[in-house]
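Here is a short briefing on one protein model. Keep the structure open and find each residue as you read.

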Amino acid sequence: MKNVLYILIGMTFASCEYEVTPKLAELANLMVVDAWLNNKVERQVINITRSQPYFDNSKPVKIPDLEVSLIDLTDGTVFYFEEGPDHYYWEPTDEGLGQIGHSYRLLVESAEETFEAIASLNRTPDIDSIIYEYNTPNFLLNEVHYTVQFYATDPKGPGDCYWIKAWKNGQFLGQPGELNMAYDASVSPGQPIDGQVFTYPIRFGFINPYTDDETREQTSPYRIGDSLYVEVHSIDRAGYDFLYNLYFQINRPGGFGELFSSPLSNVSTNIQSTDPNSTTAVAGFFNISAVRGQGLKLSQEVADQAKEKH
């Protein structure tokens, strides 16, 4: 009887090791337009490439010989983008790109077809302050450590959307779980908080990394000598929806949890052909932002002040 039982157990484990390698259909390459512009006085870059297979880790190659321009629909100004080795770009002189309150039309023209997208350059709040905090051991980290918050107030009037970007010691906090968006002063349209200071999850949760990216060990988010720089980028509602959907596509649980996750799919795009009868599929997104930023280093003086306030 025992021998029969061992045989059945062995067959069970053997069946778990069976490999399935289904043959997947090859999909057509899509044109991908990555056009996230802003009004900072710096080079503005648009990447236009072809989509690649999921497991292809090579750098996407620029689609050459395109005419790329940005039209101010409010005053008629046209900004022409030049073609570089890897991307298309516009170089400012003494002013940034665009004006708050204006709408813009992006045009991407090839010999065969023209593509367009519309976006608005919306307002964004100033960052009032960045404050470091001294923390005694707690449930997050069993040692003395420093955390940080930034404070900014959403202007009155519903419907403002933002993408908050942060850099620790000059390194962009760009992990999938660190994608930080706000709708007015809160995180989503389902929690309407207008004209107030950004809520705690926005001003704290995504800029305090408790896990070291290299060692994956728990660590103090900030130590003396570290610095934080934060920017608040305005985005329109379509941009907010794009980033929200993107978050759920790239922030995957992995392992067994994938069985209960939404299937991978292309995120919606605001890029479309000017030909209503076109069947050409495109991907990517166009947005233009107003930006406000501020930074602060955790010096010994700042650390002492945080400890005194504790």
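D184 is buried, at a relative accessible area of 3%. Buried means under 20% relative accessible area, exposed means over 50%, and partly exposed lies in between (1.4 Å probe, protein chains only). The model is predicted: local features need pLDDT of at least 70, side-chain atom pairs count only at pLDDT 80 or more, and totals for chains, interfaces and linings use all residues. Residues are numbered from 1 along each chain as its sequence is written, and side-chain values use heavy atoms, with hydrogens and water left out.

**Overview**

- The protein has 4 helices and 16 strands. Both are DSSP runs, numbered from the N terminus: helices are H or I with at least four residues, strands are E with at least two.
- Of its 310 residues, 39% count as buried.
- The protein exposes about 18400 Å², and carbon and sulfur atoms supply 53% of that area. Accessible areas come from the Shrake-Rupley method with a 1.4 Å probe; for residues, only the protein chains shown count as cover.
- Take the contacts between residues at least 6 apart in sequence: 63% of them join residues at least 24 apart. Contact means heavy atoms within 4.5 Å.

**Two loop residues with positive phi**

- D184 sits in the loop between β12 (180–183) and α2 (200–205). Its phi is near 55°, a positive value in a residue other than glycine.
- D65 belongs to the loop between β2 and β3. Phi of D65 is also positive, near 65°, and D65 is not a glycine either.
- Is D65 buried or exposed? D65 counts as exposed, at 64% relative accessibility.

**Nonpolar cores**

- In soluble globular proteins, nonpolar side chains tend to be buried together.
- A nonpolar core is a set of buried Ala, Val, Leu, Ile, Met, Phe, Trp, Tyr and Cys residues joined through side-chain atoms within 4.5 Å.
- The largest core has 27 residues, and I46, I48, L70, L106, F286 and I288 touch the most other members.
- Several strands each supply at least two residues of this core, among them β1 (31–38), β2 (44–50), β3 (67–72) and β15. The largest share, 4 residues, comes from β1.
- Another core lies apart from this one; it has 25 residues, including Y134, A185, L228 and V232.
- Leaving aside neighbours within four places in sequence, the contacts of I48 include M31, V33, V61, L66, Y88 and V108.

**A buried asparagine**

- N287 is part of strand β15 (residues 282–289). N287 counts as buried because its relative accessibility is 0%.
- Which side chain makes a polar contact with the side chain of N287? The partner is S289, at 2.9 Å. A polar contact is a pair of N or O atoms within 3.5 Å; within protein, one must be able to donate a hydrogen and the other to accept it, and residues adjacent in sequence count only if both atoms are side-chain atoms.
- Not counting residues up to four places away in sequence, N287 touches A35, W36, L37, A119, S234, I235, D236 and G239.

**Salt bridges**

- Side chains of opposite charge can pair when their charged atoms come close.
- A salt bridge is a side-chain nitrogen of Lys or Arg within 4 Å of a carboxyl oxygen of Asp or Glu. By this rule the count is 8.
- E83 pairs with K62, and their closest N and O atoms are 2.7 Å apart. E83 is in strand β4, and K62 is in the loop between β2 and β3, 21 residues apart. E83 is partly exposed at 37%, whereas K62 is buried at 14%.
- R105 and E116 also meet in a salt bridge (2.6 Å, N to O). R105 lies in strand β6 and E116 in strand β7, so the bridge ties together parts 11 residues apart in sequence.
- R292 and D126 form another salt bridge (3.2 Å, N to O). R292 lies in strand β16 (residues 291–297) and D126 in the loop between β7 and β8 (127–135), so this pair ties together parts 166 residues apart in sequence.
- K40, E42 and E231 belong to one network, joined by salt bridges that share partners.

**Helix α4**

- In helix α4 (residues 300–309), the buried residues are V302, A303 and A306. They cover an arc of only 100° around the axis, so they lie on the same side of α4. The arc is that of the directions from the helix axis to the C-beta atoms.
- The buried residues of α4 pack against β8, β9 (145–152) and β16.
- Exposed residues E301 and E308 are on the face turned away from the buried side of α4.
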